[in-house]
Structures are given as structure tokens and as C-alpha cells.
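Dear colleague,

I am passing on the structure below, and the notes that follow it set out what was found there. Please read them with the coordinates open.

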Amino acid sequence: MSDITTSNPFNFRRGGIGLLAFALMAGGALVYAAGSHAHGAMGGQRGFMSGPLDPAAMDKHAERMVEHFAKRVNATPEQREKLTAIAKGVARDLAPLREKARNARRSGVELLKSPTIDRTALEKLRVEQLQLADATTRRMTQALADAAEVLTPEQRAKLAERFEKRMGRRQHG
């Protein structure tokens, strides 16, 4: 009987590391697509979490991010189309959460500027931020799973290998 967890634990571990690496990459790209360049993060302008999003610019950025990613795994045109739809969807879904996070930061600053510290209000804000983070990561995990299903096992393995190399460089220098 060939069970992945008992027959070769290294491959199971490598697959788990690869999936985690893919999750981090995909999540970062999707969050990035949701806002960093969509409102001009370069050239000294304000970046991620700093203003209203232009949906057209956000979509265009998601397309660029997917194209860059797709080249690394030799994605087919059909895969590129599906990945683009996933990236655009998650970027649109995260945009309102981005605005909530921005407003929460402002509220936190106001609470801390107050002559007296309202610990109850700070705790309430902390709980709201945790709920916001949960909603964000839940949506990103869904998008990650959707994107992973679009890719072949070979493409996911190629990503895992690439990210293992990158993680090795970061840990050693």
C-alpha cells in the first residue's frame, strides 16, 4: 500500500513546503494586485492601503502579476485566463477589506492621540482587526486553492522548487 505519509515522508514534507510557498507567493501577489500599484505605489506616491482603488488599474495590475507568474510555470493560455479571473476576483473582494483596515488604523491613531487611553475601545479595535485578518486570509486561501487546482502537479512542483531555493537564500544570507 502506497501512502504518501508513510512511503516517503520527504516527498510529503516537500509537497507541504511547496504548497506553503505557493500560498505565500499567491497571497502576496493577490494582495499586491489588490492595491499596491493600483493606486501608484512607485515614484514617491502613496502605496498599498492609502486611498481609493481604481478598479480598472487594479484589474490591469492583476493581469500583469498573473502573466509574470504564468511565465514561470509555462501556463497554457487557458490556465492564464483562469488564473487572471481568480486574481481579479480576489482583488475585488479584498478591496473593501482594505478600506476597513485603513479606517481601523486611523481609528487606532485617534484613540492613541486622546488625552486618556480608552482600553475598551482599543480592545474592540483589536478584535475587529483580527476579524478583518481572518476574513482576508479566508478569501486568500480560497483563491490559493482555486489557483492550485488550475495548475498541474508538475507546475506546482516547479513552484515549490523555486520557492525552496528562495527560502534557502534568505535563511543563509
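Lysine 88 counts as buried at 18% relative accessibility, where buried means under 20% relative accessible area, exposed over 50% and partly exposed in between, with a 1.4 Å probe and protein chains only. This is a predicted model, in which local features need pLDDT of at least 70 and side-chain atom pairs count only at pLDDT 80 or more, while totals for chains, interfaces and linings use all residues. Residues are numbered from 1 along each chain as its sequence is written, and side-chain values use heavy atoms, with hydrogens and water left out.

The side chain of lysine 88 meets that of glutamate 63 in a salt bridge (2.6 Å, N to O), the term being used for a side-chain nitrogen of Lys or Arg within 4 Å of a carboxyl oxygen of Asp or Glu. Glutamate 63 lies in helix H3 and lysine 88 in helix H4, so the pair ties together parts that are 25 residues apart in sequence; helices are DSSP runs (H or I, at least four residues), numbered from the N terminus. Glutamate 63 itself is partly exposed, at 37%.

A salt bridge also joins arginine 139 and aspartate 93 (2.6 Å, N to O). With arginine 139 in helix H5 and aspartate 93 in helix H4, this pair ties together parts 46 residues apart in sequence. Arginine 139 is buried at 16%, whereas aspartate 93 is partly exposed at 40%.

Best regards

Notes. Helices (H or I, at least four residues) and strands (E, at least two) are DSSP runs, numbered from the N terminus.
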